[in-house]
Amino acid sequence: MKTKILSIIALAATLLSLTSCDEAWTPNTGDKTGQVSLKSLGVEVSTAESTVSRADVDLSDYIITIVNRTSGITEGQWTYSEMPEVFALPVGDYTVKVKSHTIQPAEWDKPYYCGEKDFSIVADKIAELGVVTCKFASLRVTVKFADELRNVMEDDARVSILAGENGTAMTFTPDETRSAYFEVVDASTTLIATFTGTVKGTAETLRKTYSDVKAGEHWIITFNVKEYPDIPGETGNISVDGGINVDASVTAVDVNGNVIVDEDVLPSDDRPGTEDPGTDPDPDPDPDPDPDPDPDPQPSDAIKFASETLSFDTANSVDVTPAVVHITAANGIAHLVVNITTTSAGFEEALVEVQMPTTFDLAYPGSDKEVFESLGFSTGADVIGATAIDFDITQFVPLLGLYEGTHTFKITVTDQNNLQNSVTLTFIK
């Protein structure tokens, strides 16, 4: 499947040869091992507004780990740039885990992304992994000093941020523009913000505690002054001559980019109740939300399918020609995923024999690019961003006639706005 040797004629010949000896061929399952195709692994970093693919982000140092779901034992671990194309495993159930790096308790401007996907190994077969979507999974904290406070504080002003009772503190000076990213070990944690410094000549300390802070959220804590003109010398956590108190406001966003906490001055040290956790995996100051990595969107009219010869509602003949699906996507195509299923064991074995994946994304064909193009499929740059494209299986359909059974092609298109639609082609021999 890696060279021009696999053309339509060669594939047809291979399938025909497998058909002729189908009754005599028996897979070797004595050693009870199979393989997983790591070259089929795609990695995406997902946000609500866009999906960043491996073509747009450097995945070289991302860590890929395969874990046995029964024993919990790690069977293999590599960086993305060094992982093998194929890896042998005993028959069983596994999880492939992807993470951007080994997370630290606290670090500057280094958001942590992770994702995983389950798969199974069957004797003498190659498992295809498909796409793993990584989501933002650390806690981001940004600290700001309002101009009103800057005008009355001195250079020793600092804010210490501690996430978790036994975490690592990060110190923000007034000139610090970076965000701190914290590891969240449990389902939620406590965030403690402590201001220290000289305000109008007086050394002051303010401690704020926010509870139930979750991974994936972005907290922006702003320190400012609060004046009490009618109560000179008002005392409190921080008090200075002239009746000026220092307090903190906080803004946090949820996974859809909605503000779930936006308090000018919190009345107590307890964080008010929130809804779903939020995130901002983008290092820019503006929040960039992070959605469910496996959304199930409603079919969108922005993506349409048509064909002059093929039916999407009834079974098609394997003799149909041409066999072309016209796809239009007003927002441009981001992914074109094809899933092939069959009731014919012979056809399934033939696909495994020639290493033809049964699930693939023509937008990101990887090392199978030549194979797909030899079958007449558009790939890569010809797919990504296209508003109109033909999915042409005219050369492939006659091969289905070699096997008795029902064969299906599910075509799923996701556009640049994360809208999705799909159709299924059914062929019966």
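Ile411 contacts (heavy atoms within 4.5 Å) Phe305, Val325, Ile327, Leu336, Val337, Phe391, Asn421, Ser422, Val423 and Leu425, leaving aside residues up to four places away in sequence. The model is predicted: local features need pLDDT of at least 70, side-chain atom pairs count only at pLDDT 80 or more, and totals for chains, interfaces and linings use all residues. Residues are numbered from 1 along each chain as its sequence is written, and side-chain values use heavy atoms, without hydrogens and water.

A nonpolar core is a set of buried Ala, Val, Leu, Ile, Met, Phe, Trp, Tyr and Cys residues joined through side-chain atoms within 4.5 Å; buried denotes under 20% relative accessible area with a 1.4 Å probe, protein chains only. In the largest such core, Ile411, Ile327, Leu336 and Phe427 touch the most other members. Strand 22 (residues 333–342) gives this core its largest share, 4 residues; strands are DSSP runs (E, at least two residues), and helices are runs of H or I with at least four, numbered from the N terminus.

| Core | Residues in core | Members, among them |
|---|---|---|
| Largest | 40 residues | Ile327, Leu336, Ile411, Phe427 |
| Another, apart from it | 30 residues | Val141, Met153, Val159, Val246 |

Across the chain, 45% of the 429 residues count as buried. The secondary structure comprises 5 helices and 26 strands. Of the contacts with a separation of 6 or more, 64% join residues 24 or more positions apart.

Methods. Buried means under 20% relative accessible area, exposed over 50%, partly exposed in between (1.4 Å probe, protein chains only).
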